[in-house]
Amino acid sequence: MISNRQLFFQHLAPTSTAPLALEIAHAKGVWMHTPEGERILDLISGISVSNVGHCHPAVVKAVEEQSKKFMHLMVYGELIQAPQVLLAQKITSMLPEPLNSVFFVNSGSEANEGAMKLAKRITGRFEIASFNKAYHGSTHGCLSIIGDESFKRPFRPLPPGNVQLTFNDEASLSLITEKTAAVFVELVQGEAGVIKGEKKFIASLRRKCDETGTLLIVDEVQTGFGRTGKMFAFEHYGILPDIITFAKGMGGGMPIGAFVASNEMMRSFSNNPVLGNITTFGGHPVSAAAALASMNVILHERLHDTVKDKEQLFLQHLAENKKIISIRSAGLLMALQLDSYNTVQRFIDLALQRGILTDWFLFCDSAIRIAPPLTITNEEIEYACSIINEALDLV
Ligand code: PMP
């Protein structure tokens, strides 16, 4: 009989020449299990998705219950669907005014596309500024604003008007002008290998946007829902975004994204032209129910409040390792800087052979990504670190 592995290589469009190609039969909490009965500790959460762990019982229950009531009914924005309105109420209750209107989509890229369109519609400008090594998604619009030319070049021409700024460089803020519709920023750059925005720099960025009438769009697709030790990364910075985008950890493992702005701004999509931004599946009711359940788990268990101590525990157990050149971390989003891409690749293999799943970063292939479910226990962190240290000794 043809194996799933053979089918994977024959019929699934590849994204790289060397996929992990590891088959998982089921997953629970921080553990993934292969059909052969091996267990693997997930230290990357499907890239910052499984913040409440795999198959959290509350999320599974919400999916089961909602899927029995109704699944897709109608394109986004027409019918009143309890999972969507309750989720929008929950999200806006966690955000400061005037971030009180939620547009539900399916992914981080789609959230950022919507935010870009909204900024153009509101300001009547088309220039979008963004930072070197920023990642905002893989669609044409998102690609046009990411900060890595090697990813963009083969797909040019891309939508025009992107202005590239240098992260944490005050001088580059002079490129934000009265022509700039919006600046996109990840307050902690994820795919760059966990680069934190400096507080002073982010404050200057906010000020410059205010001076030029430019909207500040904060991409919390990777940092949202507890990962950095606050519910949202912007809370570390004391700034108010004009638009904020979410996905990944939002759905507790189900696909959903959103961009949030003021009611007043969002209304502009409803006229001139009517249906200015539309989506068939955005805010799918089963995903919305899962997202609400996941947020309630984070809030009730105060998972975001546990992140700082867990980060410290990782640091405590890894800081002495001589193979690690430096550690950059923002809560449970961590980069262990090694000396090269090859060392990282060898490490990933060695760690996986010992039952630990790690990864590298899109724009920083010489660092190891550590971003476990926020539910990871202290014992699991200690176990993970012992394997990481063992694998590092062998690279
Ligand atoms: N923004 C950021 C900061 C991300 O990390 C990602 C995904 N890595 C995206 C946007 C794109 O999200 P998606 O893959 O859901 O389109």
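The model is predicted: local features need pLDDT of at least 70, side-chain atom pairs count only at pLDDT 80 or more, and totals for chains, interfaces and linings use all residues. Residues are numbered from 1 along each chain as its sequence is written, and side-chain values use heavy atoms, with hydrogens and water left out.

The shell around the ligand consists of S107, G108, S109, N112, Y135, H136, G137, E186, D219, V221, Q222 and K248, where a shell residue has a heavy atom within 4 Å of the ligand. Helix α5 (residues 108–123) supplies the largest share of this shell, three residues; helices are DSSP runs of H or I with at least four residues, and strands are runs of E with at least two. By class, the shell holds two nonpolar, seven polar and three charged residues, with Gly counted as polar.

| Residue | Protein atom | Distance |
|---|---|---|
| G108 | polar backbone atom | 2.8 Å |
| S109 | side-chain N or O atom | 2.6 Å |
| Q222 | polar side-chain atom | 2.7 Å |

Taken alone, the ligand exposes 390 Å², of which the protein buries 83%; these areas come from the Shrake-Rupley method with a 1.4 Å probe.

G355 lies in the loop between α12 (341–353) and β15 (356–357). The C-alpha atoms of G355 and H33 are 9.9 Å apart in space, although the two residues are 322 apart in sequence.

Methods
A polar contact is a pair of N or O atoms within 3.5 Å; within protein, one must be able to donate a hydrogen and the other to accept it, and residues adjacent in sequence count only if both atoms are side-chain atoms.
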